[in-house]
Amino acid sequence: DRQTLVAVLQFLRRSNLRESEEILRREARLLGDDLGGSVATVATSSPGVAAVAAVPPGKGEARGTAESVPPPGGNPRTGESVCCSQPRGLSVMLACKGAVVVEDQPDVSAVLSAYNQQGDPTLYEEYYSGLKHFIECSLDCHRAELSQLFYPLFVHMYLELVYNQHESEAKSFFERFHGDQECYYQDDLRVLSSLTKKEHMKGNETMLDFRTSKFVLRISRDSYQLLKRHLQEKQNNQIWNIVQEHLYIDIFDGMPRSKQQIDAMVGSLAGEAKREANKAKVFFGLLKEPEFDVPLDDEDEEGENEEGKPKKKKPKKDNVGSKSKKQDPNAPPQNRIPLPELKDSDKLDKVMNMKEAARRVRLGPECLPSICFYTFLNAYQGLTAVDITDDSSMIVGGFADSTVRVWSVTPKKLRSVKTAADLSLIDKESDDVLERIMDEKTASELKILYGHSGPVYGTSFSPDRNYLLSCSEDGTVRLWSLQTFTCLVGYKGHNYPVWDTQFSPYGYYFVSGGHDRVARLWATDHYQPLRIFAGHLADVTCTRFHPNSNYIATGSADRTIRLWDVLNGNCVRIFTGHKGPIHSLAFSPNGRFLATGATDGRVLLWDIGHGLMVGELKGHTDTIYALRFSRDGEILASGSMDNTVRLWDAVKAFEDLETDDFTTATGHINLPENSQDLLLGTYMTKSTPVVHLHFTRRNLLLAAGAYSSQ
C-alpha cells in the first residue's frame, strides 16, 4: 500500500532512523505491497498498551504475546493489537491504514485524521449488513456479545460518511440501520441524525466524545476470535479499521456473557467500564468516632417511653461505646485527609444525636417508617432544589427565580445576630450569651436569600447548621451564613451552570458539579478549588460525599457514575448500567454500598469494594430524583417524578451477594429476575413529584416536592 509506505518512510526520516528507512525501501521494492516482514507489532500482555516498531526484517521477530503474530491467511498488516490506546506517534502503522496521504505531506498527523478513508462509500451498507448477517447467524452464546458492536460501528461508519461528504450515502445508511439499535441509544441517535454535513461535526460535543474516547466493549476471547476470523476472511478492512481505531475491546477468558448480563451493564455514552478501572483499592469503611462521655439521662427516658423502649435502649448504649473503640478494617487511616477539629458545639450535637439514636425506631419489612411530606404550595417560582438539616429543624428550597428560601420546621423561629453596636453592649461572660446575641426583632419562620442571578439547582446545609451552600445556573456556588442570613462567599470556578453541590459529612469541604463536565472539591476558606475531577463525557448532574469523606461519587448525563479519591483526585470506580442521565446518589450508612437513580426509572445498587452491580430495583415509571437510606441502613427510600415514594428492603437486597473472584474479574453479574419482593411499599402523592427525601435521627421519613397542577 503505497500511501501507507510513504507515511511510514516520512516518519522514519523525521526520527533520523536512516538505516531502517533504507532497509524498508529495499524490502518494499522487492515485495511490492507486502510490508508484513518489516513491521512487528509489539503487543504487551497488559491490556491498554500497544506500540508498533519498525524492525529490520530478519533482525527481530514479532515480540510479545502470541497474539501479536498475524494469523496465517489473514491480512499480514493487521497483527492483533486489541485494547490499544496507542501513543499517536507510534501508532502510524495501525492508524494510517485507512488514511489518504498526499505525496509531499510533511506531517504524519494529517495522515491520522480520524475519519479520512479509502473505503468505497457505496459499499458501507454492504459491509455493515454483511457483519450483521454474520452476527445474527452465529451461535447464541456469541451473538449477544458480538451484538454490542452494532451501535459503535453504526455511529463511526455514519460519521465517516458524513466527514468525507458522502451525504446521500450517509442518509441512506442511517435510515436503513438506525432502527436496529438498542432502544436506550435513541437520544444519542436523535443527535446523530441532525449531523448531516461535515461542518455540523466541528462543534458538536457528542461527536467530540465519540471521536476522542474509545468505546469500550467487554467480550470473551472465543467471541473475539470468531469476529476477527470473519473480518479477515472477508477482507473487510473498513470495519476492522474502525474496530482498531475507535473501539477498546476488553477481552476476558471464560464463558461468554448472556444477553441479560450484557444489557444490565451497557448503555453509557462510551460503552462499559474497562475492568481495570474498578480494580483500585477503596477504603469504604467508616472513620472511628471520637470518644467522649454520653450522659444518657435514664429518668426522663423511663417516664416518656412505653414498656418496650428501655429494653432496646441498653444494648444501644453499649453500641455507642463499642463502635468508637473498634477500628473498621476497611476504613481509611484517620489522618488520610485532614478533617476539621470537633468544636464543643459539635460534641454537644453528637451527644444529642446519640440520645435521639437511643429512641430510634428499628425499621424493617414489619416496621415501615411513617412518612411526613412537605409540599411546597403555590411555588410559582419553580422549585429546583431542596435540602433538610441533619437534625430536621430547617428546610431550604432553591427556586428558578434565583432565590434561596429557608424555613424553620420547628416552633423555634429563625433569628439573625444583632448588629455590631448592639453586640458591644452584651455581657460576654453570662451563661446565656449565645441566646443574647440573637435579635428577637428578626424572628420569622422564613428567610429569603438574594444573590444568585439564575435558577438555583442545588442546596446543602453544613453539618453544624451554621452555613448553607447553593449553586446556580449563573456558574457560582454561594456560601450563606445561617447566623446573619447573608452571603459570605461566591465561589467562581465553573464557567457554566452548576447542577449540584454538597457539604462533606464533616463540614469544611464541599463538592460541586456542572455543565462543564467536571466536579470540583472546595474548602470553605479557599476561593480556588482544591481538586478538579475530570473524566465524565457529559454534564455532572449530581454529587455525593462518602460517609468517611475520603471519596466523592458523581453521576452524569453520560449515564455513568464515577467514584473519586479526594486525596489524589484519581477516579477509582466507573459504574455503567443506567440507560439515562443519573439524577440521584445515596451511600449506605456503613459505606459499603451505593444506590443510584436515573431518568430510566431504575435504582441500581453497587458494591463499592468489589466494583460490581449487585442489584436493580424496578418499579418507578419516571426519573428518580431522591434516594436515601434509613439511619441504620435497613430501608432504601426512593422518590420520583412519577409522584411516588417507594420503600425497598435494603437488608435483603445486600444479603448473600455473589462477589467471588470470577464475578469480579469478568463482570458476570447475576441479578434476581424480580425486584418486586424487595418492594415494601409505594406511597402516592396527589400531584407532587418527589425531589428530596430525608430520614430524621429517629427514622421518620421526610419527603419534599412542589405541587404541580397539571
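Select strand E18 (residues 518–523) and strand E19 (531–534). These two pair in the antiparallel sense over four bridges. Strands here are DSSP runs of E with at least two residues, helices are runs of H or I with at least four, and both are numbered from the N terminus. Two strands pair if DSSP finds at least two bridges between them. Now pick Leu521, which stands opposite Arg531 in E19.

A word on the model before moving on. It is predicted: local features need pLDDT of at least 70 and side-chain atom pairs count only at pLDDT 80 or more, while totals for chains, interfaces and linings use all residues. Residues are numbered from 1 along each chain as its sequence is written, and side-chain values use heavy atoms, with hydrogens and water left out.

Four strands form an open sheet in the order E16-E17-E18-E19, with antiparallel pairing. Strand E16 (498–503) and E19 are the edge strands, each pairing on one side only. Neighbouring strands are turned by 20 degrees against each other on average, direction ignored. The axes behind that angle are lines fitted to C-alpha atoms, for helices over the stretch in contact, and angles run from 0 to 180 degrees between N-to-C directions. Strands of a sheet pair through backbone hydrogen bonds, either parallel or antiparallel.

Next, go to a second sheet. Its four strands form an open sheet in the order E24-E25-E26-E27, again antiparallel. Which strands stand at the edges? They are E24 (582–587) and E27 (612–618); each has a single partner strand, so one side of each is left without a neighbour in the sheet. Inside the order, select E25 (residues 593–598) and E26 (residues 602–607). Five bridges join this antiparallel pair. Phe593 has Asp607 in E26 as its bridge partner.

Now select helix H12 (residues 221–233). Its 13 residues reach 18 Å from first C-alpha to last, close to the 18 Å expected at 1.5 Å a residue. That expected span is 1.5 Å times one less than the number of residues. Color the buried residues: Ser223, Tyr224, Leu227, Lys228, His230, Leu231 and Gln232. Buried means under 20% relative accessible area, exposed over 50%, partly exposed in between (1.4 Å probe, protein chains only). What do these buried residues pack against? Show helices H5 (124–137), H6 (140–146) and H13 (237–246), plus strands E3 (215–220) and E4 (247–252). Just after H12, Gln235 takes a positive phi of about 50 degrees.

Jump to Ile426, in the loop between helix H18 (420–423) and helix H19 (433–436). Is Ile426 buried or exposed? Ile426 counts as buried because its relative accessibility is 12%. Leaving aside neighbours within four places in sequence, Ile426 is in contact (heavy atoms within 4.5 Å) with Lys418, Val433, Arg436 and Ile437. The C-alpha atoms of Ile426 and Ile437 are separated by 7.5 Å, and the two residues are 11 apart along the chain.

Then select Leu149, Phe154, Phe173 and Leu192. In the largest nonpolar core, of 44 residues, these four touch the most other members. A nonpolar core is a set of buried Ala, Val, Leu, Ile, Met, Phe, Trp, Tyr and Cys residues joined through side-chain atoms within 4.5 Å. Helix H7 (residues 150–163) gives the largest share, 11 residues. A second, separate core of 23 residues includes Ala264, Val282, Phe575 and Met613.

Finish by zooming out. The protein has 21 helices and 33 strands. Of its 710 residues, 52% count as buried.
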